[in-house]
Amino acid sequence: MADTQQVDQKAERKVARLAKEIGAFAKAHGGAEGQVAYIGERGARIVLVGEDGGWGDLVAPSTEIAQQAVEKAGITVHESFDGEFAAKVQTGPYEWKRMAGIQIGG
């Protein structure tokens with residue numbers, strides 16, 4: 001039973017830490033919306049898009065923890081990363097250069 005409580009406390013701390021990071025992102029970008037995507041054994045990716053078009057992501061050890069973190073942070077969560085939500089992302093010179101480098105083998 002102690003092992004279960006230890007795991008729950010660890011998960012709660014992870015949820016709290018992720019929620020704090022999501023909140024800091026939202027504050028820095030005038031608000032935020034997100035999407036949670038399962039990425040296999042690694043866990044889940046939380047993609048964040050700020051009201052100013054800035055974006056970022058976090059990785060949670062599980063989809064459950066990711067869902068709890070976005071809920072605790074109080075942001076709007078989308079089912080998928082498409083449409084109006086994806087259109088809010090603003091990419092800069094770094095991203096375009098990086099994408100071009102990938103295309104030409106860089």
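Reader: I clicked on Ala-19. Which residues does Ala-19 touch, not counting residues up to four places away in sequence?

Author: Ala-19 touches Ala-69, Lys-72 and Ala-73. Contact here means heavy atoms within 4.5 Å. Before we go on: this is a predicted model, where local features need pLDDT of at least 70 and side-chain atom pairs count only at pLDDT 80 or more, while totals for chains, interfaces and linings use all residues. Residues are numbered from 1 along each chain as its sequence is written, and side-chain values use heavy atoms, with hydrogens and water left out.

Reader: Okay. Is Ala-19 buried or exposed?

Author: The cut-offs go by relative accessible area: under 20% is buried, over 50% is exposed, and in between is partly exposed (1.4 Å probe, protein chains only). Ala-19 has a relative accessible area of 9%, so Ala-19 is buried. Ala-19 lies in helix H1. Helices (H or I, at least four residues) and strands (E, at least two) are DSSP runs, numbered from the N terminus.

Reader: And what about Lys-72, on the other end of that contact?

Author: Lys-72 is in helix H2, residues 63-73. Lys-72 has a relative accessible area of 56%, so Lys-72 counts as exposed. Leaving out residues up to four places away in sequence, Lys-72 touches Val-15, Ala-16 and Ala-19.

Reader: How do I read the two sides of a helix?

Author: An α-helix has 3.6 residues a turn, so residues three or four places apart point the same way. Now try H2, where Ile-65, Ala-66, Ala-69 and Val-70 are buried. These residues sit on the same side of H2 because they cover an arc of only 130° around the axis, the arc being that of the directions from the helix axis to the C-beta atoms. Turned away from that buried side is a face with the exposed residues Glu-64, Glu-71 and Lys-72. After H2 comes Gly-74, with a positive phi near 80°.

Reader: What is the overall pattern of the protein along the sequence?

Author: The protein follows α-β-β-β-α-β-α-α, with four helices and four strands.

Reader: How do I read the sheet? In which order do the strands stand?

Author: Strands of a sheet pair through backbone hydrogen bonds, either parallel or antiparallel. Two strands count as paired if DSSP finds at least two bridges between them. In this protein there is an open sheet of four strands, in the order S3-S2-S1-S4, with mixed pairing. S3 and strand S4 (76-78) are the edge strands, each pairing on one side only. From one strand to the next, the twist averages 25°. H2 packs on the sheet, touching S1, S2, S3 and S4, and its direction makes about 170° with that of S1. For such angles, axes are lines fitted to C-alpha atoms, for helices over the stretch in contact, and angles run from 0 to 180 degrees between N-to-C directions.

Reader: What about S2 and S3: how many bridges join S2 to S3?

Author: Six, and these strands run antiparallel. Arg-45 stands opposite Val-59 in S3. Their hairpin has four residues between the strands, with Gly-53 at a positive phi near 95°.

Reader: Is S2 mostly covered or mostly open?

Author: Mostly covered: six of its seven residues are buried.

Reader: Last one: how do I find a core?

Author: A nonpolar core is a set of buried Ala, Val, Leu, Ile, Met, Phe, Trp, Tyr and Cys residues joined through side-chain atoms within 4.5 Å. The largest one here has 17 residues, and Ile-22, Ile-46 and Leu-48 have the most contacts inside it. H1 (2-28), S1 (32-38), S2 (44-50), S3 (55-60) and H2 each give two or more residues to this core. H1 supplies the largest share, five residues.
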